[in-house]
Amino acid sequence: MELTSLTLLEAGRRIAKREISSLELTRAQLERIRAWDGKINAFITLTEAAALQAAREAQSEIQVEAPRSPLHGVPLALKDLFETQGVRTTAGSKFFRDYIPPSDGAVVAALRSTGTVLLGKLNMHEIALGVTNVNPHYGACRNPWNLERISGGSSGGSAAALAAEFCAGALGSDTGGSIRIPASLCGVVGLKPTYGRISLRGVIPLSWNLDHAGPMARRVEDVAALLQVTASYDPQDPYSVRVPVDDYLEGIELGVEGWRIALASDEFFSQADSEVLHLVQTAADLLEQLGAHVETREVPQGYQAAKANGLMVISDAAAYHRQRLEERPQDFGEDVLRRLRNGAAYSAGEYILARRTQSNLRRQYESFFEQVDVLLTPTTPVTAPPIEGPDAVEQAGRLTRFTAPFNLTGLPAISLPCGFTQNGMPVGLQMIAAPWAERKLLRAAFAYQQATSWHTRRPQISTLNLNG
């Protein structure tokens, strides 16, 4: 196996056994990035010298003592809104082009404490307000499965880098689906944990009320390992919640026999391409074969949840960027500027009603998950659209349809591959669970992953070109 194909935990195990070194793996990742990122544009900033130095340090430490963690010496990358000491953090924006944070954000500090190697900062939709990752300031991030299609957003660089094997793990953020959408479109795994599970201190905000930080990787167990080191209560983050952190890898292999699993089947969650719906139904059938009791169920007010989430996202974004919007509107991309102005135009009354919807639906979903263990939906209603297609504002409403309700309600949700369409594009299966039930969610996702082979497919980026 090529070194760059190693999964997160595989790489960590081989480094711990000294079968390979962190420096050897980091050099291989950097070589692959230099060879192929010109086609994909996953990175905004590549920190090559710092990564090599961190790898040398990890190698020296592991030669004389046991690894600090299962991730010690493993190369990762970060969506470019996680603040990193001494390294510019752009948020995919012209406004932050020269912003160099004086300290690491909370999750970045947590990753460094485990001995991981940070390769750099990943491309994203401007200020995280969009789902195409067609960025007017840093260029479009292209999908490794088809370079003429979007990677998804706003964490498109994270998903594309994983699919292209530029790194073994990454961090993203998710306000309306920004981890799960690109994970679905690029055929990787992305987890949005419960709201308040991972600290947002040192993450440039889009919506204080809806932002989630979360892990992304090529395997469910790797996402679990990343969650393990990033989940914690942070008293310096006003949105962090003091809830004990589970052991997310313990018992992950125990399966779903006897579990109650709901497959969303109503007018809202059934509006998707036929190939997508077929693959999700096939995934539900497989989980039933694995011993779960699967039944179709209506899901509480999906349309109202998505609508309220959309209103709050752009309203909160307009509030955070109000001074920039007033003084230098021309420095925003056209699609982002349009959405910010739409957000600023909502009345206080409209916003209050959206918050009321949020409170009501949180309670309804808590009741829903008293009756079922896991809910299944498609992650996105379609596979990755072409870059040269409908504009980003139109795509946002379309691609967030099935993900946004679970930002509004703050529930943990994961996307993982569940098949490919006839044109070779990946399809994502979304699983959702009750608040703080990430361990249960990861166990269900792992059971499905281990019974399939979708996660083992690799895009052959070396054979692709911009002309198809």
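User: What does contact mean here, and with which residues is Tyr346 in contact, leaving aside neighbours within four places in sequence?
Analyst: Contact means heavy atoms within 4.5 Å. The model is a predicted one. In this model Tyr346 sits in the loop between α11 and α12 (348-368). Once its neighbours within four places in sequence are left aside, the residues in contact with Tyr346 are Leu311, Ile314 and Ser315.

User: Is Tyr346 buried, partly exposed or exposed?
Analyst: Buried requires under 20% relative accessible area, and exposed requires over 50%. Tyr346 has a relative accessible area of 33%, so Tyr346 is partly exposed.

User: How far apart are the C-alpha atoms of Tyr346 and Glu327?
Analyst: Along the chain, Tyr346 and Glu327 are 19 residues apart.

User: What is the distance between the end C-alpha atoms of helix α11, and what span should its 12 residues have?
Analyst: Helix α11 covers residues 334-345. At 1.5 Å a residue, its 12 residues should span 16 Å. The distance between the end C-alpha atoms agrees with that, at 17 Å.

User: Which residues of α11 are buried, and what covers them?
Analyst: Asp335, Val336, Leu337, Arg339, Leu340 and Gly343 are the buried residues of α11. Their cover includes α9 (302-320), α10 (322-327) and α13 (392-399).

User: Is Thr26 buried or exposed, and which residues is Thr26 in contact with, leaving aside neighbours within four places in sequence?
Analyst: Thr26 belongs to helix α2 (residues 22-40). Its relative accessible area is 0%, which is under the 20% cut-off, so Thr26 is buried. Apart from neighbours within four places in sequence, Thr26 is in contact with Ala51, Leu52, Ala55, Pro75, Val117 and Leu119.

User: What is the radius of gyration of the protein, and what would a compact globule have?
Analyst: For 468 residues, a compact globule would have a radius of gyration near 23 Å. The C-alpha atoms of the protein fill a box of roughly 60 × 60 × 50 Å along the principal axes. The radius of gyration of the protein agrees with the globule value, at 20 Å.

User: What share of the contacts with a separation of 6 or more joins residues 24 or more positions apart?
Analyst: The protein has 15 helices and 15 strands, and buried residues make up 63% of its 468 residues. Among contacts with a separation of 6 or more, the share from residues 24 or more positions apart is 77%.

User: How far apart are the centres of the positive and negative side chains?
Analyst: The protein has 45 positive side chains and 50 negative ones. The distance between the centres of the two sets is 2 Å.

Methods: Residues numbered from 1 in each chain as written. Predicted model: local features only at pLDDT ≥ 70, side-chain atom pairs only at ≥ 80, totals over all residues. Heavy atoms only, no water. Helix = DSSP H or I, 4+ residues; strand = E, 2+ residues; numbered from the N terminus. Expected span 1.5 Å × (residues − 1). Buried < 20%, exposed > 50% of the residue type's maximum accessible area, 1.4 Å probe, protein only. Rg over C-alpha atoms; globule rule 2.2 N^0.38 Å. Lys, Arg positive; Asp, Glu negative; His and termini not counted. Charge placed at Lys NZ, Arg CZ, Asp CG, Glu CD.
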